[in-house]
Amino acid sequence: MAQSLVKNYVHIVFGTKYREPFIQPSIEAELHAYIGGICKNSGCPVIIVGGYVEHIHILCMLSRKIALMELVAEIKGASSRWIKSKGVAFENFYWQDGYATFSVNPAQVGVVEHYIANQHAHHSKIAYPDELRSLFRKYKVDYDEKYVWD
């Protein structure tokens, strides 16, 4: 084949350091748009960015030109600098060290997009740690609880 054809949808999830509720309504929409711009500039078209006060979900297409770990590092680094520029209330903002990513079947992109779009309603019923554990079970990810929550 003379060309490289790639279409990989990824669902990326990570939280704030110690799950601190830094992502308040005053910056939430702008943060989501900013993260979408980082993905776009990295060649990874974003489908949706969402989340809640202490975590982010990103659904995007992974470019064949960037490693997933490089994309996540760029998103976390640039968005952290951006949030800290929003004032003294955010000067102690940090993302957690780790992250989780899941591949998404193209037939399920709409389901995942809807899930991310409804994070506020979802988190009126379930806490972020329980949500992440549920995703680990769904995707059969082995994990050690003591290393997930930093």
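Predicted model: local features only at pLDDT ≥ 70, side-chain atom pairs only at ≥ 80, totals over all residues.
Modeller: A residue is called buried when its relative accessible area is under 20%, exposed when over 50%, and partly exposed in between.

Colleague: Which side chains make polar contacts with the side chain of His57?

Modeller: One partner is His11, whose side chain makes a polar contact of 2.8 Å with that of His57. Another is Gln119, with the two side chains joined by a polar contact of 3.0 Å. Once neighbours within four places in sequence are left aside, the residues in contact with His57 include Ile12, Val13, Gly50, Tyr115, Glu131 and Leu135.

Colleague: How should I read the pattern of buried residues along a helix?

Modeller: An α-helix has 3.6 residues a turn, so residues three or four places apart point the same way. In helix H1, residues 25-41, the buried residues are Ile27, Glu28, Leu31, His32, Ile35, Gly36, Ile38 and Cys39. Among the elements that cover them are strand S2 (46-52), strand S3, helix H2 (68-84) and helix H4 (119-122).

Colleague: What span does H1 reach, and what is expected?

Modeller: The 17 residues of H1 reach 25 Å from the first C-alpha to the last, close to the 24 Å expected at 1.5 Å a residue. After H1 comes Gly43, with a positive phi near 80°.

Colleague: Which residues of H2 are buried, and what covers them?

Modeller: In H2 the buried residues are Leu71, Val72, Ile75, Lys76, Ala78, Ser79, Ser80, Trp82 and Ile83. Their cover includes S1, H1 and S3. H2 also has 17 residues, and its reach of 24 Å between the first and last C-alpha is close to the 24 Å expected.

Colleague: Which residues are in contact with Ile58, leaving aside neighbours within four places in sequence?

Modeller: Among them are Val10, Phe14, Ile35, Cys39, Val46, Ile75 and Ile116.

Colleague: Let us turn to the rings. How many aromatic pairs does the structure hold?

Modeller: The structure holds eight aromatic pairs. For Tyr34 and Trp82, the ring centres are 5.3 Å apart and the planes lie at 20°, so this pair is stacked. The pair links distant parts of the chain, as Tyr34 in helix H1 and Trp82 in helix H2 are 48 residues apart. Tyr34 counts as partly exposed because its relative accessibility is 33%, whereas Trp82 counts as buried because its value is 10%.

The pair of Phe102 and Phe136 is tilted, because the ring centres are 6.4 Å apart and the planes lie at 55°. Phe102 is in strand S4 (residues 100-104) and Phe136 in helix H5 (residues 128-138), so the pair ties together parts that are 34 residues apart in sequence. Both Phe102 and Phe136 are buried. Ring pairs also link Phe14, Phe22, Phe90, Phe93 and Trp95 into a cluster.

Colleague: Which lysines lie over the faces of Tyr18 and Phe14?

Modeller: Lys17 lies over the face of Tyr18, 5.5 Å from the ring centre. Lys76 lies over the face of Phe14, at 5.3 Å from the ring centre.

Colleague: Finally, how should I read a positive phi?

Modeller: Most residues other than glycine have a negative phi. Tyr18 is not a glycine, yet its phi is positive, about 55°. Tyr18 is placed in the loop between S1 and H1, and it is exposed because its relative accessible area is 58%. Lys140, also a residue other than glycine, has a positive phi near 55°. Lys140 lies in the segment after H5 and counts as exposed because its relative accessibility is 72%.

How values were computed:
Residues numbered from 1 in each chain as written. Heavy atoms only, no water. Polar contact = N/O pair within 3.5 Å; in protein donor to acceptor, adjacent residues only side chain to side chain. Contact = heavy atoms within 4.5 Å. Helix = DSSP H or I, 4+ residues; strand = E, 2+ residues; numbered from the N terminus. Expected span 1.5 Å × (residues − 1). Buried < 20%, exposed > 50% of the residue type's maximum accessible area, 1.4 Å probe, protein only. Phe/Tyr/Trp six-rings, centres within 6.5 Å; stacked < 30°, edge-to-face > 60°. Lys NZ or Arg CZ within 6 Å of the ring centre and 35° of its normal.
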